[in-house]
Amino acid sequence: MTVAVVALAAAGCGKSSTDSSSTESKDGKYSGKGIGLAYDIGGKGDQSFNDAAYAGFKKAETEFKMGGRDIEPQDGESDADKVQRLETLAKAGYNPIIGVGYSYAPAVKTVAAKYPKITFGIIDDNTIQAKNVADMVFHEEQSSYLAGVAAAKATKKNHIGFIGGVDIPLIHKFEAGFDQGAKSVNPKIKIESQYLTQTAQEGGFSSPDKGENAADGQIEAGADVVYHAAGLSGQGVIKSAATHKVWAIGVDSDQYGQSALTQYKDYILGSALKNVGGAVYDLAKSVHEGKPLNGEVRGDLKSGGVGFADTNPKYKALTDVVSAVDKAKQDIIAGKITVNTQ
C-alpha cells in the first residue's frame, strides 16, 4: 500500500492535519477511509494528552492499514467549529471519528445523530447515549493516587504540590486521588494546590508559561515534588521543577520518555498514566473488525487503562517509593482502597 501524507489547511476545521490513504481489511469488514482524529486544546505536540491519542492513532493506522486524518484545533474555537470539523471527517468517509477531550461532547452528539452508520468516540466524557458512540473514560483518580503515594514517599520536606490546568470536575478527580494517596503515607503532609484558569478558553491546558509560574510559586513556598494535570501547560511545570532541581510528576503520557522534555527528564519522577492511546486503538480495532464498541468504556488500574510510569532509573532506585506505589496499586485493584473522585 502506498501512503501519502499531505498538509491541509481548512477554515473551521483546524489549522493542519495529516491524511493517509486506506484499504479494506482482508476480511472485507472494514471499508471506511480510515480513522478521523480531532485534537483537543493544545493540539499535537503537547507531550501529554493529545500526543497519547496520536500514538494510538498511528498504531491503528500501521497495524490495520486503515489510513487516517488528524486535525488540529483552532485558538478560541466554538462548538460550531468542532461540529464542522467532525462533519468534514464524516463526509469524507472516516470511521471511526474521535473527539479528543470532553469539549467535543456537543459536537459528537450532533454529528453522530446525522451519521448513524459511522462510529464516533469521545475521550473524557460519558454523557452521550447513542448506539454509534463510545464514551471513553478513565479512573484518573486511581493513577493520581499512585502519584500521591510516590510524591509523599519521595519528598524530603513533607511538602508537595498539585497544579491543575482548568478548575473543572474532571481535573478535580486528579487532585482528589493525589491528595488521598499522599495522605495515606503522611496524614500531615502539606499540599499546595492551584488551578491555572477557570475555563479552557483562558489557556489552562495550553500555556506552558502559566504552568511554569505556578510551579515556581509552589516550589518557592517549599514544595519539592509537584504533580500536574495540565496538558501542554505541564511542560512549564516540568521545566520549573528541573530548574529548581526538585521532582515533577507528569500526566497522561510517560513524560520521562517525551523528546521535547529530554533536557528535564532527570527530574521527572514518574507520570500518572491514562491510556488514551489504547482507547483510540481499541475503538479503531473494534470498527476494523466489524464489532464497534459503544456506550461507556472505562479504563482503570485493573484493565491497564491507567497506571504509573516507572521508566526513570532514578525512580527505580528509590526502592521504598517503588514498593509503596506497587502496594497501593495492588490494594486498589483488590478493592481494599476506594479512591476519592472529589
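**Helix packing and ring pairs**

Guide: Helix α4 passes helix α10 in a right-handed crossing (left-handed if the near helix is turned anticlockwise from the far one by less than a right angle, right-handed if clockwise). This is a predicted model, in which local features need pLDDT of at least 70 and side-chain atom pairs count only at pLDDT 80 or more, while totals for chains, interfaces and linings use all residues. Residues are numbered from 1 along each chain as its sequence is written, and side-chain values use heavy atoms, with hydrogens and water left out.

Helices (H or I, at least four residues) and strands (E, at least two) are DSSP runs, numbered from the N terminus. Two packed helices are described by the angle between their axes and the distance between the axes. Here α4 covers residues 140-154 and α10 residues 319-333; their axes come within 9 Å and cross at roughly 155°. Axes are lines fitted to C-alpha atoms, for helices over the stretch in contact, with angles from 0 to 180 degrees between N-to-C directions. The two helices are therefore roughly antiparallel to each other (over 145 degrees; under 35 is roughly parallel, 65 to 115 roughly perpendicular, the rest oblique).

On the α4 side, the contact (heavy atoms within 4.5 Å) is made by Gln142, Tyr145, Leu146, Val149, Ala150, Lys153 and Ala154. On the α10 side, Asp320, Val321, Ala324, Val325, Ala328, Lys329 and Ile332 take part. These residues divide into ten nonpolar, one polar and three charged (Ala, Val, Leu, Ile, Met, Phe, Trp, Tyr, Cys and Pro are nonpolar, Asp, Glu, Lys and Arg charged, and the others, Gly among them, polar).

Now the rings. Those of Phe, Tyr and Trp (its six-membered ring) pair if their centres lie within 6.5 Å; planes under 30 degrees apart are stacked, over 60 edge-to-face and the rest tilted. The count comes to seven aromatic pairs. One of them is stacked: Phe64 and Tyr281, 5.4 Å centre to centre with 25° between the planes. Phe64 lies in helix α1 (residues 49-64) and Tyr281 in helix α8 (residues 276-288), so the pair ties together parts 217 residues apart in sequence. Both Phe64 and Tyr281 are buried (under 20% relative accessible area, with exposed over 50% and partly exposed in between; 1.4 Å probe, protein chains only).

Phe162 and Tyr195 have ring centres 5.9 Å apart and planes at 65°, so this pair is edge-to-face. Phe162 belongs to strand β7 (residues 159-166) and Tyr195 to strand β8 (residues 190-197), so parts 33 residues apart in sequence are tied together. Phe162 and Tyr195 are also buried. Ring pairs link Phe162, Phe178, Tyr195 and Tyr227 into a cluster.
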